Amino acid sequence: MTGERIPENDSRSRQKRVGDALRHDTRNRVLEAAEVEFTAHGYVATTVTRLAAAAGVSVQTLYSAWGSKRALLRGYMERTLAGGAASPEDAAARFTDDLTPRQRLEELADLFTEIADRASTGWTLYRDAAAVDPEIADDWNDLQRLRHGLFTRIIGDIPTDALAPGLSRDAAVDTAWAIASPETFDLLVGRRGYTPDELRAWLRRTLVAAILGR
């Protein structure tokens, strides 16, 4: 007695699911290899051949999975920025309506410190690569615009009458964006040796003093 015949559509659907899973696994393997290689050797010195070898795939497979080394750098940066959050919306969800303006800024300081702890290497890679690759420079600018958009959502919920005298909401967003920035992290942590706790405390004081009225 023969077994029940599997409909052709079901067979194709199963093959598609298997293929999608394999592609997802390949993309992750290449991305994990890129994280190690970029960190160890920098963006410019890391060749596609080196990346493919580290991931255990062919160069053609790497290109099929990601398209370019630049796309891999962007993928690496987005993964480190996101951490446990799937999107900027998830990151913004921690800023609930019951937070006071001061608590909102202190929460922003905490969020930035958490992100900086895992993204600082990626920030350095991007800045170095942007100096020699105009397309990566455009990517870096796009990431900064996305960061500004997140800050707009966070600061936008602070009532205008809680802001420092003469400070518009747009200026408050720009002020927070400049204070809690990769450049500030580099100055205080990279050059002055601040610990994460010291950075967090400085950000909390500085954001509150610069943005809120007395």
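The protein chain holds 10 helices and 0 strands, where helices are DSSP runs of H or I with at least four residues and strands are runs of E with at least two, numbered from the N terminus. The model is predicted: local features need pLDDT of at least 70 and side-chain atom pairs count only at pLDDT 80 or more, while totals for chains, interfaces and linings use all residues. Residues are numbered from 1 along each chain as its sequence is written, and side-chain values use heavy atoms, with hydrogens and water left out.

**Chain as a whole**
- Read from the N terminus, the order of elements is α-α-α-α-α-α-α-α-α-α.
- Of 214 residues, 38% are buried (under 20% relative accessible area; exposed is over 50%, partly exposed in between; 1.4 Å probe, protein chains only).
- Among contacts with a separation of 6 or more, 67% join residues 24 or more positions apart; a contact means heavy atoms within 4.5 Å.
- The chain exposes about 12300 Å², and carbon and sulfur atoms supply 51% of that area (Shrake-Rupley method, 1.4 Å probe; for residues, only the protein chains shown count as cover).

**Helix H6**
- Helix H6 covers residues 101-130 and spans only 36 Å between its end C-alpha atoms, whereas a straight helix of 30 residues would span 44 Å (1.5 Å times one less than the number of residues).
- A kink of about 60 degrees in H6 is centred on Ala119; the bend is the angle between axes fitted to the seven residues ending at a residue and the seven starting there.

**Packing of H6 and H10**
- Two packed helices are described by the angle between their axes and the distance between the axes.
- H6 packs with helix H10 (residues 196-211) at an angle of about 145 degrees, the axes lying 9 Å apart (lines fitted to C-alpha atoms, for helices over the stretch in contact; angles run from 0 to 180 degrees between N-to-C directions).
- H6 residues including Leu105, Leu108 and Phe112 meet a set of H10 residues that includes Leu199, Leu203 and Leu207.

**Two buried residues**
- Glu106 lies in helix H6 and counts as buried because its relative accessibility is 17%.
- Glu106 and Leu203 are 97 residues apart along the chain, with their C-alpha atoms separated by 7.8 Å.
- Asp133 sits in the loop between H6 and helix H7 (134-155), and it is buried because its relative accessible area is 19%.
- Asp133 and Arg70 are 63 residues apart in sequence, and 9.2 Å apart in space from C-alpha to C-alpha.
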